[in-house]
Amino acid sequence: MCGIVGYSGGQSAIAPLLEGLRRLEYRGYDSAGIALGTASKLFVEKRAGKLSNLEAELKGSLPSAHSGIGHTRWATHGGPTDKNAHPHLDNEGKLAVIHNGIIENYTQLRAELEHRGHSFSSDTDTESVAHLLSELRKKHGGDLAAAMREAVTLLRGSFTLLAIHADAPQTIVGVRRNSPLVVGIGKGENFMASDVAAFIDYTKRAIELGQDEVVTITPEKVSITDLNGIAVVPKEYEITWDASAAEKGGFNHFMLKEIFEQPKAVADTLLGRLSPSNQIVLDELRLSTEEIKALKKIVLLACGTAYHAGMLAKYAIEKWAKISVEVELASEFRYRDPLIDSSTLVIAISQSGETMDTLMALRHAKAAGARILAVCNTNSSTIPRESDAVLYTHAGPEIAVASTKAFLTQVIAVYVIGLYLAQVRGIMGNDQVKELFNEMSALPSKIEQVLETVEPLRKLTRGFAQSTSVLFLGRHVGFPVALEGALKLKELAYMHAEGFAGGELKHGPIALIEPGTPVIAILPTGHDHGLDEKMLSNIQEVKARGARVIVIADEGVEVTGAEHIIRIPTTPALFQPILATVPLQVFAYEMAVTRGNDVDQPRNLAKSVTVE
Ligand code: M6R
């Protein structure tokens, strides 16, 4: 939450700062601001609302500056107003600070600083840091990095901070604790940002920063120290995707582009995972055969859409690998004394790799002795870095706040883990693994087939735009799909939407059905346990009470009671969610478009949730 960018180089700073903020706007879009490194006094502009408000304000003559910092905000402390927008300044207007995260002890800091004569002009936790740094910089003879090192020892909470001072405007100092910050190394220019996307147009060389590392950039130099001022050897890496991946590529919205990228994302995530001798290749797991056989339990930790991927993993891993699987909302996990030890494999699923709830749950599990595997889409983010092992999904950058391609690749990744565990534990033979893997490999072209129905699906959706509430029904793996369909609709269309297990209807939710209520039902694949027939009965039950029923069903399966049928290609039951989710994404997308909502940046949300 909150996007941060810093620039110091030879060109005018305004372009890299605004371009960077545009790329980071997915992280928060309540307000935006910049401070330009102009001598004697900083030039600062900030505005409530989206980045475009700030850009409009900046039209016209700007002072010449070759350095600066920029911020796009997701409000925590203090409403989304001009005065609470970042940067925040010291009383001389010479030092500016931007911040992502929360300073937990800001009330006490503010009281102390006010007592010492500082006057505050915002309601934020961040402003305390500006005043604190101002004092400490004087104490350290104008050394901003030394001031930052001491300031950090006085702060509690999670933060990425960038600071600039008018007396040395080409020097920008940053620090991170439990919040992301990466450095971009250019030629005669250097960058800092929450995410490499901010500077991908300028350089592909990046440095990851560790906890409590303080970094200083000037046009010529990047220096990193720990809090004691001891130099840290930079860990440089190459960014493997290019700027076009972070552009809309002809689509009206990132979300629609990302929906259409799903066949490739799934194929890329499967690439190289089956050896010619039909062994699942998963060297990343870094567990010996003995360790895998000794595992007593798997615990999946995730939030939101990633949690739904975790729910699906339970069905697959328990069936294939015959090992008990628990799925936990990461935000709840550590508050109930979970029973985990060294015989537990914890799998933390996160697109961003920065979700604070998941990170804290992971740390709790690690402290209890569990081995941690991250399933993540973002290279070198915090969750993989703090895990024992990482399996990267290959969805490419996901910019839209609503997760689409990341979800499908998360499901694929956890299914690959399931097959691997089944094979290593000797539960499944190579032929069976190969057969299932081949079915998974056929999914990209089946998703393509679903995508061919996008336009009729959009038309169908528009017919339901006046509804106030939509219910989703699923059974078995269709249940997490129902939950995911409802989550997408809530976050994009701002409609009441709920997902239910079909069998639960009669235990309460059926009371929600009124004449005309849309119900989207996912018909299970095959006749296992007669679940398809049970769902058909559920459809009749809601229809009898006036619901308008849309059914998602495999090709060729007879469906009764539906007003509309959305056909998807047939695939084994466990893989059906990969196909059945796609029409639900399109439904939510089109509903948001029809209602005039901001599809890529829905209200109140942010892509990367870095606060608890
Ligand atoms: O980055 P993560 O996968 O850890 O994010 C978890 C959730 O915040 C995320 O999936 C959220 O629910 C999505 N916006 C849903 O579309």
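Helices (H or I, at least four residues) and strands (E, at least two) are DSSP runs, numbered from the N terminus. The model shown is predicted: local features need pLDDT of at least 70, side-chain atom pairs count only at pLDDT 80 or more, and totals for chains, interfaces and linings use all residues. Residues are numbered from 1 along each chain as its sequence is written, and side-chain values use heavy atoms, with hydrogens and water left out.

**View A. The cis peptide bond between His 86 and Pro 87.** Omega of this bond is about 0°. Pro 87 belongs to the loop that runs between strand S4 (67-73) and strand S5 (88-89).

**View B. His 529, a residue other than glycine with positive phi.** The phi value is near 55°. His 529 is found in the loop between strand S22 (518-522) and helix H18 (531-544). Most residues other than glycine have a negative phi, and most peptide bonds are trans.

View C. A polar side-chain atom of Glu 491 is 2.3 Å from a ligand oxygen atom. Polar backbone atoms of Gln 351 and Thr 305 lie 2.6 Å and 3.2 Å, respectively, from an oxygen atom of the ligand. The ligand taken alone exposes 410 Å², of which the protein buries 90% (Shrake-Rupley method, 1.4 Å probe).

**View D. The shell of 15 residues around the ligand.** Ser 350, Gln 351, Ser 352, Thr 355 and Glu 491 come nearest. Domain 2 (248-441) and domain 3 (454-599) each contribute at least three residues to the shell, with bounds from an automatic or database domain assignment.

Conventions. Near = heavy atom within 4 Å. Polar contact = N/O pair within 3.5 Å; in protein donor to acceptor, adjacent residues only side chain to side chain.
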